[in-house]
Amino acid sequence: MIINFGSINIDYVYRVPHLVAPGETLAATSYSRHLGGKGANQSLAIARAGADVLHVGAINQKDDWTLQTLLESKVDVSNVALLDDEPTGHAIISVDDNGENSILIVAGANGKLEGAQIDKALAGAKPGDWALLQHETNAVCEIATRCKRAGLQVAFNPAPFNAEATLTMLPQVDLLIVNETEAEQLRQALGGLTPKVPQLLTTLGARGAHLQTDSGRIDAQAFRLEARDTTGAGDTFIGYFLAGRALGLDDEAALKRASAAAAMSVTIAGAAESIPYNDQVDQFMNSASL
């Protein structure tokens, strides 16, 4: 079981010829609206990979349509609060012709997780279960502390990156998941040192990923596919990796499967829409080469 204390956003996506420069006004070529949020994306990836996931979050009650995609993928949303006085979190996403993106987020209801809601989620947890957290909700350090007291392992993806908050979290973290930029920012905050965590997973985009543990380092190559939209690729990777572990795969196999799922996701526009299902990843891995 994986308990994901994570954001649920509405993504407003604009296709543009290039990412807008400071002071520039640019006409978008298209617009669309989707379910998003790092938390929701990661829960979808976990569920579509075949593992059990409980999502803990909050939205405005008028936006309960956002839960439909999660429900269809068998994400447990029984611990998502429906609020009447806070807007649902949202993101404004620009995607250019090369598939690169820039993202502006507003927390909204994601910043309203409460103690009783956290306690309810942990009531059904077993020692050894995983808790997954990001930086798109409130009370991240408090949640991690409660999870550790309950005997859970904590996976933390500190995005959007905040150096001070991340350093505060490190003593509670069993698995730290960062991309290349976040890894460098964290090293700078630590005076050039590598963070002292039991497991460090670094994603490197088209160059793959590597996992550092007490047993050594495992490198995973990326699968090469033409990118249409990289939004959500990192979340896909994280969800599939944690799901792989939960389903009993060894770390090398879990990394390879996560790399395949992430590669597939960049070929489809959008975040939630691009996350593949388990059987699709099976078919791809049976036919693809690195």
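Okay, let's start with a sheet: four strands, open, in the order β3-β2-β6-β7, with mixed pairing. At its edges are β3, residues 30-36, and β7, residues 101-106; each has a single partner strand, so one side of each has no neighbour in the sheet. Going from one strand to the next, the twist averages 20 degrees. Before I go on, keep in mind that this is a predicted model.

Now look at β2, residues 9-15. It runs antiparallel to β3, and 7 bridges join the two.

You'll find Ser-7 in the loop between β1, residues 2-5, and β2. So, is Ser-7 buried or exposed? Its relative accessible area is 0%, and buried means under 20%, so Ser-7 counts as buried. What does its side chain touch? There's a polar contact of 2.5 Å between the side chains of Ser-7 and Glu-136. The backbone nitrogen of Lys-38 also comes in, 3.2 Å from a polar atom of the Ser-7 side chain. Beyond its neighbours within four places in sequence, Ser-7 has contacts including Gly-36, Gly-37, His-55, Asn-110 and Thr-137.

Next, the other sheet. This one is open too, with 9 strands in the order β5-β4-β1-β8-β9-β10-β11-β12-β13 and mixed pairing. Its edge strands are β5, residues 76-83, and β13, residues 216-220, each pairing on one side only. On average, and ignoring direction, neighbouring strands here are turned by 15 degrees against each other. Over at β13, its partner β12, residues 209-213, runs antiparallel to it, with 5 bridges between them. Ala-209 faces Ala-220 across that pair.

Helix α3, residues 115-123, touches β1, β4 and β5, and its direction makes about 170 degrees with that of β5. Then α8 lies across β11, β12 and β13, at about 30 degrees to β13.

And α8 brings me to my last stop.

Methods:
Residues are numbered from 1 along each chain as its sequence is written. This is a predicted model: local features need pLDDT of at least 70, side-chain atom pairs count only at pLDDT 80 or more; totals for chains, interfaces and linings use all residues. Side-chain values use heavy atoms; hydrogens and water are left out. Two strands pair if DSSP finds at least two bridges between them. Axes are lines fitted to C-alpha atoms, for helices over the stretch in contact, and angles run from 0 to 180 degrees between N-to-C directions. Buried means under 20% relative accessible area, exposed over 50%, partly exposed in between (1.4 Å probe, protein chains only). A polar contact is a pair of N or O atoms within 3.5 Å; within protein, one must be able to donate a hydrogen and the other to accept it, and residues adjacent in sequence count only if both atoms are side-chain atoms. Contact means heavy atoms within 4.5 Å.
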